[in-house]
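Here is a short report for a reader meeting this chain for the first time. Please look over the sequence and the fold before reading on.

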Amino acid sequence: MARPSLRNTVFQAEILALLKAVEHAVSLPTQQLTILVDNQASIYSAANPKSHNSIARKIFKLLHSHLHIRVSWIKAHAGYIGNEEADRLAKEAAETENFPETPLELPKSFIKTFLRQKMLATWQMAWDDGDTGRLIHNIIPKVSLDSINWTRNEVLFFTGHGPFPSFLQRFNLAETSFCSCGGIGTPIHYATVCLLTTSYHMAPPS
């Protein structure tokens, strides 16, 4: 008896169970045998010689070389005694901690999720500890793969990378970083306190 890891998928457990059933059937005296399976995905995968699943390919090779063994689908939870007993034994095995875990390839879904989480954690750390983009960090402290969908004007305003004296002076494109009114020409300055843009003012952000 063995069981897959909690990181493995239900399909992997089903296809592994089918492999064990076929291997057991191969070890029996040669006679016509039919293995009934209530998981159609396992059957379709095992019937494909070019399947990307290594277990499915093993099943295909075994069935191809032992033509007296057939695999057929049976409806689940339909009152078939053998199928219900198989489900009962599977649940009993899952609740028993003494069975060792069977080493299986990690499913792609788990690997993708793990790598995504690892990448986001690394990105978040770099974003929190970085020296640049602090204005944006105050607005968007948490990294995300979802698009913000800012307009061009919003990008210019929030980043400060636009036709503002405070930005242009950094690259020697303006003689001074001061606005004509005497204040530092930042986007926030124009949006909140500049005497020349009074009609457009909004409340200063906290």
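The report goes from the whole chain to single residues.

This is a predicted model: local features need pLDDT of at least 70, side-chain atom pairs count only at pLDDT 80 or more, and totals for chains, interfaces and linings use all residues. Residues are numbered from 1 along each chain as its sequence is written, and side-chain values use heavy atoms, with hydrogens and water left out.

## The whole chain

The chain holds 9 helices and 2 strands. Both are DSSP runs, numbered from the N terminus: helices are H or I with at least four residues, strands are E with at least two. Along the sequence the pattern reads α-β-α-α-β-α-α-α-α-α-α.

What radius of gyration does the chain have? The value is 32 Å, whereas a compact globule of 206 residues would have one near 17 Å. The radius is taken over C-alpha atoms, and the globule rule is 2.2 Å times the number of residues to the power 0.38. Along the principal axes, the C-alpha atoms fill a box of roughly 95 × 35 × 30 Å.

Of the 206 residues, 26% count as buried. Buried means under 20% relative accessible area, exposed means over 50%, and partly exposed lies in between (1.4 Å probe, protein chains only). The accessible surface of the chain is about 14,900 Å². Carbon and sulfur atoms own 59% of that surface. These areas come from the Shrake-Rupley method with a 1.4 Å probe; for residues, only the protein chains shown count as cover.

A contact means heavy atoms within 4.5 Å. Take the contacts with a separation of 6 or more: 50% of them join residues 24 or more positions apart.

The chain has 19 positive and 17 negative charges, and their mean positions are 8 Å apart. Lys and Arg count as positive, Asp and Glu as negative; His and the chain ends are not counted. Each charge is placed at NZ of Lys, CZ of Arg, CG of Asp or CD of Glu.

Isoleucine 69 sits in strand 2, residues 69-73. Its relative accessible area is 4%, so isoleucine 69 is buried. It touches Val22, Ala25, Val26, Leu33, Ile35 and Leu63, leaving aside residues up to four places away in sequence. Glutamine 32 is 37 residues from isoleucine 69 in sequence, yet their C-alpha atoms are 6.1 Å apart.

Glutamine 124 belongs to helix 5, residues 108-129. With 17% relative accessible area, glutamine 124 is also buried. Beyond residues up to four places away in sequence, glutamine 124 touches Pro141, Lys142 and Val143. Tryptophan 150 lies 26 residues from glutamine 124 along the chain, with 21 Å between the C-alpha atoms.

Glycine 185 is in the loop between helix 8 and helix 9. Is glycine 185 buried or exposed? Its relative accessibility is 0%, so it counts as buried. Among the residues it touches are Phe164, Phe178, Cys179 and Tyr190. Glycine 185 and arginine 116 are 69 residues apart in sequence, and their C-alpha atoms are 40 Å apart.

## Two asparagines in loops

Asparagine 149 lies in the loop between helix 6 (134-139) and helix 7 (152-159). Asparagine 172 lies in the loop between helix 8 (165-168) and helix 9 (187-192). Neither is a glycine, yet asparagine 149 has a positive phi, and so does asparagine 172.

| Residue | Phi | Relative accessibility |
|---|---|---|
| Asparagine 149 | about 60° | 64%, exposed |
| Asparagine 172 | about 60° | 70%, exposed |

Cysteine 181 is in no disulfide either; its nearest cysteine sulfur is that of cysteine 179, 3.7 Å away.

Cysteine 179 counts as buried because its relative accessibility is 7%. Cysteine 181 has 30% relative accessibility, so it counts as partly exposed.

Conventions:
Disulfide = S-S within 2.5 Å.
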